[in-house]
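The stops below can be selected one after another.

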Amino acid sequence: MHEERRTFISLKWMIAVSVMGLLTLLTLGIGKIIVGKEAQVLEEETERRLLAQARNVAALSASPLLDEYPEFVLHPIIKDLLDENPELAYAVVVDRNGIIRGDRNLTRVDQPYEDSSSLRDRLVGIARSPEEVFRQNEEIVEVSIPVVYRDGSVLGKIFLGIQKEYMNRLIRAAERSTVRVLMVALAAGLILTVLLVSNITRPINELTKGTEEIGKGNLDYKIHVKSRTEVGRLAGTFNEMTTRLRNAQKELVEKERLNREIEIAHEIEEKLLPRPNLELPGYEVAGFHQSAQKVGGDYYDLIPMDEERVGITVADVAGKGIPGLVVMAMTSALLRSHAPRFRSPAEMLTELNEMLYPNMRRGMFITMFYGILHLPTGRFTFAGAGHNPLIHFRRHSGLQSLLGTTGVPLGLYPDERFAERIRDQKIRLEEGDGFVQYTDGVNEAVNEEMEEFGIDSLLEIAKRECGRGAKELVNAVVSDVRSFTAGVPQSDDITLFAVRRVPRKKTAVAEAQGTA
């Protein structure tokens with residue numbers, strides 16, 4: 001009789017095959033958890049960023065919506081936002097009546113906003129207020145939030161949409177990255193299982209525990225595997241992945257904090273500037289300010305001194321951003337508190353330099369123009385601390401003059417050197433006469449050929465527009481500067497301030513209308 005020959009399978013291979021099968025299933029399960037979690041995290045991060053961008057634009061839109069021509073401010077904001085974030089499909093600011101006030105396409109301004117009927121409510125898990133609404137269709141995820149002024153009044157609404165394909169691309173990229181990592185992990189596990197079945201059991205258990213923690217969202221968990229094999233490398237890969245995810249979360253929080261600080265700085269800058277509708281009895285006044293960055297170092301102001309006199313100032317800090325804003329806020333506070341005590345602008349600027357010089361950082365200074373207007377007579381006494389020449393225009397003669405000043409910038413030199421240079425100068429504004437003061441961002445604005453806008457262009461505009469009014473003159477300068485620099489990013493803050501004494505006939509008509 002022949003004994004039946006039995007085929008035996010090596011226990012090593014049985015364990016190896018069993019472990020490899022289990023490891024394969026485990027890796028696939030973990031991969032599914034991680035991919036699902038990553039997709040959820042990426043969607044929530046995109047929703048948070050979209051909401052933060054909408055809140056930022058809403059904060060920037062509040063003041064412009066109170067202006068007569070909000071599109072002049074809102075169009076650059078929206079254009080820059082869409083240029084810097086190509087994933088955004090659109091950004092539209094409407095007023096409380098649903099009329100478009102801000103859009104990348106200026107032809108849509110003053111048109112009713114037509115909401116898409118295909119948009120449906122989107123369920124989101126991020127923190128938000130009831131007024132902040134997410135909607136979506138097959139192509140777009142949109143958030144709409146109200147534009148609220150500082151006093152709590154609702155001025156309008158912003159609609160910000162992001163392409164759904166962008167979110168899908170992020171998720172697919174994360175899935176591919178996760179799949180690649182998991183495939184490497186699986187390959188390493190299979191090889192190590194064959195070679196070191198007994199020794200690999202413990203590291204796999206640790207690895208399994210770690211991946212489960214990561215799948216639960218515990219990104220602080222570290223996988224501790226003391227091995228120079230592929231399992232150790234796999235553990236390191238997971239630790240690096242969790243570190244990157246954790247750092248990304250921290251960076252997002254830090255970015256939101258910085259954005260909030262910039263929003264606060266922008267609010268401070270807005271409070272430093274006069275109210276949009278400036279008024280002086282018998283005079284037309286108009287101002288314009290636009291920062292090159294989120295916040296800037298330019299400043300202009302009207303300072304009431306008594307019933308007949310008002311202080312007028314335009315200044316420029318040598319520096320932009322928050323440092324320039326801090327210096328300008330300090331300068332504004334000192335000027336407003338001390339100006340009523342001085343009849344001479346030169347003496348006021350000398351006193352201001354004495355207070356600023358000990359506290360100025362090396363390399364930082366301020367150019368400032370300051371004058372006192374006597375309302376009944378039109379007498380204007382002024383002095384300049386290294387600032388641009390004053391443009392003085394006359395109604396009857398049609399002349400435009402550049403009146404340069406003698407002083408040096410604030411904060412550069414101690415009292416004696418500053419005081420010996422600065423002098424008071426005087427002009428008289430007859431009916432229809434006026435003046436324009438400005439910062440370097442106007443006359444030094446450049447086009448694509450690096451040509452400057454120039455003071456001659458300002459004089460030409462003053463000659464052309466001075467008979468119409470202060471606001472028309474300022475608007476004309478802003479319009480011409482924007483046309484001149486089309487396509488070139490703004491490199492310096494732009495500030496303009498114009499004063500024109502109202503002709504008697506125009507004043508009489510205004511008084512008659514007021515009486516009626």
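This is a predicted model. Begin by selecting V179, which is partly exposed, with a relative accessible area of 41%. V179 belongs to helix α3, residues 164-195.

Is E71 buried or exposed? E71 is buried, and it has no salt bridge. The nearest side chain of opposite charge is that of R101, 5.2 Å away. Show the surroundings of E71: leaving aside residues up to four places away in sequence, E71 touches P76, R101, L106 and V109.

**Two loop residues with positive phi**

Most residues other than glycine have a negative phi. Select D110, in the loop between β2 (100-102) and β3 (120-121). D110 is not a glycine, yet its phi is positive, about 70°. The residue is partly exposed, and the relative accessible area of D110 is 44%.

Then move to M450, which sits in the loop between α9 (440-443) and α10 (455-465). Here too the residue is not a glycine, and the phi of M450 is positive at about 60°. M450 is exposed, with a relative accessible area of 62%.

**Helix α7**

Select residues 345-356, which form helix α7. From first C-alpha to last, the 12 residues of α7 reach 16 Å, close to the 16 Å expected at 1.5 Å a residue. Which residues of α7 are buried? They are P345, A346, M348, L349, T350, L352, N353 and L356.

**Helix α11**

The last stop is helix α11, residues 470-484. Its 15 residues should span 21 Å at 1.5 Å a residue, and the end C-alpha atoms are 21 Å apart, which agrees. Colour the buried residues of α11: A470, L473, V474, A476, V477, V478 and V481. What covers these buried residues? The cover includes the strands β7 (283-290), β12 (390-393), β15 (434-438) and β16 (494-501), along with helices α9 and α10.

Note on methods: Residues are numbered from 1 along each chain as its sequence is written. This is a predicted model: local features need pLDDT of at least 70, side-chain atom pairs count only at pLDDT 80 or more; totals for chains, interfaces and linings use all residues. Side-chain values use heavy atoms; hydrogens and water are left out. Helices (H or I, at least four residues) and strands (E, at least two) are DSSP runs, numbered from the N terminus. The expected span of a helix is 1.5 Å times one less than its number of residues. Buried means under 20% relative accessible area, exposed over 50%, partly exposed in between (1.4 Å probe, protein chains only). Lys and Arg count as positive and Asp and Glu as negative; His and the chain ends are not counted. A salt bridge is a side-chain nitrogen of Lys or Arg within 4 Å of a carboxyl oxygen of Asp or Glu. Contact means heavy atoms within 4.5 Å.
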